[in-house]
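I opened the model and kept notes as I went. The entries follow in the order in which I looked things up.

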Amino acid sequence: MSQDKNEWGSNLSFILAMIGSAVGLGNIWRYPYVLYSNGGGAFYIPYIVAILLMGIPFLILEYGVGYNFKSSFAKAVKKINSKWEYLGWFLPVAVFMIMIYYSAILGWDGIYIILSFFKGWGADPNVYFTTTLLQSSDSYMGLLQFIPLIAVAMLVGWVIIWFISHRDLEEGLGKVSKVLVPLLFVIMVIIVGFSLTLPGASIGLAELFNPDWSLLGNFEIWMAAFGQIVFSLSLGMSIAFTYASYTKDDADLITNTISIALANSLFENFAALGVFSILGYMSLQSGTPVAELVTQGTGLVFVVYPTVFNVLGQWAYVLGPLFFLTVYLAGLTSILSTIEPLSFSIQNKFGLTRSKTMTILIIFGAVISMMYATAYGGSILGFVDTFINQIAILFGVILECIIFAWIFKAEKFIDFLNSKSRTIKLGKWWLLIVKYILPIFISIVWIGGMFDVIKNASFDQMLFTILAAAILLITTLVFTVLPAKNPEWENTEERV
Ligand code: PHE
């Protein structure tokens, strides 16, 4: 395996690819709702604290270690302590599981790009989405009910992913990020600019930002802010680690981190303006209060937006395709990042080329993902998503804090990171955050989230959570015990 196949051509490719990973569905369909339902304008206080106290310091840690090892996540964890190889495979496998269900959402959105040219969702977008398209069933028998349209749309996505990912890093992901990420921002500016001019936009915005200061004393809005930042910045997922390991020697990681966090926040706050202007417009047209229209997730993108396009007249034929294209681009640039940690770890351990590893993983992912193209697929997606985001990934963040900050000793590379930094310099404050504040706080959020899942789970959700956990743990074990094919795998030398 030659190293240069996994190297960014420039710092710009690294930053844009990382922004592409961070800016995703979470920014478009999750953040506006989180902001609205957690105190509106008052939410900015916990949000900014979460970025400064967690987002940026933690990204610096993840980048710093990735840059230091210049190897895959699994290999680095094994180098830190050879008994822990298992932990090194855990996160890359968990993130690959995200990829598999993200491909379904991408597929649905692909279908909506086409529908939006002729408002193909009909007069009742809710019925169209749940009954006509997904044919949602809450019985396991739904697994036998295959939906070819979704399958085809998902396969188109997998082919696009393969086309980009099997190439050398800069030739594929690097170049694509340089085009798609700026394009994503430009289209978003157009959409939001238009939305702001709609009658009623100010009603939505007033509703969104109306600050509820009394909520600041409420622990839940702080948890919501930290949860949003973990998800939105793709923290603790071994993605930032892997992307940093692909950088060249002269990268200024601290400044890069700040730019990425800023771009991510800019995008999501922009998205919130767009979403709430549209909701304000809808409220004015229909007489329904904004509070009753607002929702998040698939309900926002595939039901509320089509409903708005139905009343928007001719403009909808422009705004609709642009909107679903934005969602597609945001999803695509994120999904491309979810394969990198596992792919690079496999290349390192088994000595396979980047191209071959990607091809195998993508075929495997595409085949498994077909379970989401069934009538029960939507339900499984919800269960797996909750398990991965509320349980597995938060566990990963705690794990990374312990392994990187404590065992590997974060103090080791402060000088090294500072020597490259043109902006902020790290000091004791950074150690305090990554060694104490973060692991303690995330543990609290993690335990709280776990209780929440257990308390509210239906029998089916419990069953699929246990199944997803078993698949994750067993697959991780398989990668750990398979014998290495690459002699480099046993090399324990460090760079700093
Ligand atoms: N950060 C992405 C978002 O905000 C989500 C994501 C999750 C990206 C997992 C990559 C991997 O939507």
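**Entry 1: the ligand site**

I started with the ligand and found that it sits in the largest cavity. For cavities I used a 1 Å grid over the protein atoms alone; a cavity is a set of points where a 1.4 Å probe fits but cannot get out, a pocket is an open set with protein on both sides within 12 Å along at least five of seven lines, and lining residues have an atom within 4 Å of a point. A molecule sits in a cavity or pocket if more than half of its atoms lie within 2 Å of its grid points.

I note for the record that this is a predicted model, in which local features need pLDDT of at least 70 and side-chain atom pairs count only at pLDDT 80 or more, while totals for chains, interfaces and linings use all residues. Residues are numbered from 1 along each chain as its sequence is written, and side-chain values use heavy atoms, with hydrogens and water left out.

Which residues come nearest to the ligand? Of the 16 residues around it, I listed Ala22, Leu25, Gly26, Asn27 and Phe231; a residue is near a molecule or strand if one of its heavy atoms lies within 4 Å of it. At least two residues of the shell come from each of helices H1 (11–22), H2 (25–37), H5 (85–115), H10 (219–232) and H15 (316–338). Helices (H or I, at least four residues) and strands (E, at least two) are DSSP runs, numbered from the N terminus.

I then looked up polar contacts, meaning a pair of N or O atoms within 3.5 Å; within protein, one must be able to donate a hydrogen and the other to accept it, and residues adjacent in sequence count only if both atoms are side-chain atoms. Tyr102 places a polar side-chain atom 3.3 Å from an oxygen atom of the ligand. A polar backbone atom of Ser21 is 3.4 Å from a nitrogen atom of the ligand. For Ser232, a backbone N or O atom lies 3.0 Å from a nitrogen atom of the ligand. The ligand on its own has 320 Å² of accessible area, and the protein covers 100% of that. These areas come from the Shrake-Rupley method with a 1.4 Å probe; for residues, only the protein chains shown count as cover.

Ser234 lies in the loop between H10 and H11. I read a positive phi of about 50° there, although Ser234 is not a glycine. Most residues other than glycine have a negative phi. Ser234 counts as buried because its relative accessibility is 5%; buried means under 20% relative accessible area, exposed over 50%, and partly exposed in between (1.4 Å probe, protein chains only).

Ser238 is in the loop between H10 and helix H11 (239–245). At 0% relative accessibility, Ser238 is buried too. I counted contacts as heavy atoms within 4.5 Å. Leaving out residues up to four places away in sequence, Ser238 touches Glu62, Phe73, Leu91, Pro92, Val95, Pro341 and Glu400.

**Entry 2: Met54**

Is Met54 buried or exposed? Met54 is buried, because its relative accessibility is 1%. Helix H3 (residues 44–69) holds Met54. Its contacts beyond four places in sequence include Phe226, Ile229, Val230, Leu438 and Ile442. Met54 and Ile442 are 388 residues apart in sequence, yet their C-alpha atoms are 9.6 Å apart.

**Entry 3: Ser421 and Thr255**

I found Ser421 in the loop between helix H19 (414–420) and helix H20 (428–456). Ser421 is buried at 6% relative accessibility. Beyond its neighbours within four places, Ser421 is in contact with Asp252, Ile254 and Thr255.

Thr255 belongs to helix H12 (residues 253–286) and is buried at 17% relative accessibility. Apart from residues up to four places away, Thr255 touches Ser421, Arg422 and Thr423. The side chains of Thr255 and Thr423 make a polar contact at 2.8 Å.

Gln135 is in the loop between helix H6 (125–133) and helix H7 (148–165). Its phi is positive, near 50°. I logged Gln135 as partly exposed, because its relative accessible area is 29%.

Thr197 is in the loop between helix H8 (170–196) and helix H9 (201–209). Thr197 is exposed at 60% relative accessible area. The Thr197 side chain reaches the backbone oxygen of Phe194 at 2.6 Å.
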